[in-house]
Amino acid sequence: MENRSQRKIRVNNRDKIVDTAIRLIGERGVEGTSLADIAKEVGISKGTLYYYYSSKNDLIFDITKDHVDKITANIFSLIESNKGETSWQAMLKLLIDNLLKSETRTRLHLYLIQEVLSGNDDLKKRFSETYHQWFRMIQEGYSMLTNQPKDLTVQARILVAIIDGLIIQGSIGAEAIQLDEIIREMTRVLDEE
């Protein structure tokens, strides 16, 4: 059984691995960063790294999941702390801004999609779970802010598809995104019955 000190070391090592991977992938790209590079930079053996992550996909998925979890926590924290003062439009803008700001994370998002499309079934299952989390977050956030509990299944899927499209457009350097106009239109679609 793991004691408190061992758990702290394990969590600390995991955090170092994730932070280092984010930095290296941001500098070198996904293909230009190996697990060996990450282990060397962290100051651990490859064997120790494999104890935490048996593949690059596992590591990249954890990075992306942590990112989504942070965005979700930030949004719900903002909703809770500003009940009645924060609009749905402000929440959508915060969500999209957070997703589009990090070039490394958007590249990771696209890498995961590419891996899923190339037949990585394990990653496909995990990525699908992340999308379901996003769908729930949108529905819960909407009902918390508007006090209108309604089924937004289709609207949530459309919203996530729009966000994916914006990530792709931002990554390929398409013309500047007019976020306020997009938010207005997305809000209109969500508010339609």
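Biologist: Okay, where does Thr20 sit?

Modeller: Thr20 is in helix α1, residues 4-28. Helices here are DSSP runs of H or I with at least four residues, strands are E runs of at least two, and both are numbered from the N terminus. One caution: this is a predicted model, so local features need pLDDT of at least 70 and side-chain atom pairs count only at pLDDT 80 or more, while totals for chains, interfaces and linings use all residues. Residues are numbered from 1 along each chain as its sequence is written, and side-chain values use heavy atoms, without hydrogens and water.

Biologist: Is Thr20 buried or exposed?

Modeller: Thr20 is buried, at 11% relative accessible area. Buried means under 20%, exposed over 50%, and partly exposed in between, with a 1.4 Å probe and protein chains only.

Biologist: And what does Thr20 touch?

Modeller: Beyond its neighbours within four places in sequence, Thr20 is in contact with Ile38, Glu41 and Val42. Contact is heavy atoms within 4.5 Å. A polar atom of the Thr20 side chain also lies 2.8 Å from the backbone oxygen of Lys16.

Biologist: You mentioned Glu41. Which residue does Glu41 form a salt bridge with?

Modeller: Arg23, with the closest N and O atoms 2.9 Å apart. Arg23 is in helix α1 and Glu41 in helix α2 (residues 35-42), so the pair ties together parts 18 residues apart in sequence. A salt bridge is a side-chain nitrogen of Lys or Arg within 4 Å of a carboxyl oxygen of Asp or Glu. Glu41 is partly exposed at 41%, and Arg23 is partly exposed at 36%.

Biologist: What about Glu27, how far apart are the closest N and O atoms in its bridge with Arg23?

Modeller: 3.5 Å for Glu27 and Arg23. Those two are four residues apart in helix α1, which means about one helical turn separates them. Glu27 counts as exposed, at 53%.

Biologist: How many salt bridges in the whole structure?

Modeller: The search finds six. Arg14, Asp15 and Asp62 are linked in a network of them. Asp58 also pairs with Arg126, the closest N and O atoms being 2.6 Å apart. Here Asp58 belongs to helix α4 and Arg126 to helix α7, so parts 68 residues apart in sequence are tied together.

Biologist: How accessible are Asp58 and Arg126?

Modeller: Asp58 counts as buried, at 16%, and Arg126 as partly exposed, at 21%. Leaving out residues up to four places away, Asp58 touches Tyr53, Asp122 and Arg126.

Biologist: Switching to the core. Which residues have the most contacts inside the largest one?

Modeller: Ile17, Ile38 and Leu59, in a nonpolar core of 52 residues. Helix α7 (residues 121-146) gives the largest share, nine residues. Such a core is a set of buried Ala, Val, Leu, Ile, Met, Phe, Trp, Tyr and Cys residues joined through side-chain atoms within 4.5 Å. Leu59 touches Ile17, Val18, Ala21, Leu35, Ile38 and Tyr53, again not counting residues up to four places away.

Biologist: Last one, what's the overall picture for the chain?

Modeller: Nine helices and zero strands. The C-alpha atoms fill a box of roughly 55 × 40 × 30 Å along the principal axes, and 40% of the 193 residues count as buried. Of the contacts with a separation of 6 or more, 68% are between residues 24 or more positions apart.

Conventions:
A polar contact is a pair of N or O atoms within 3.5 Å; within protein, one must be able to donate a hydrogen and the other to accept it, and residues adjacent in sequence count only if both atoms are side-chain atoms.
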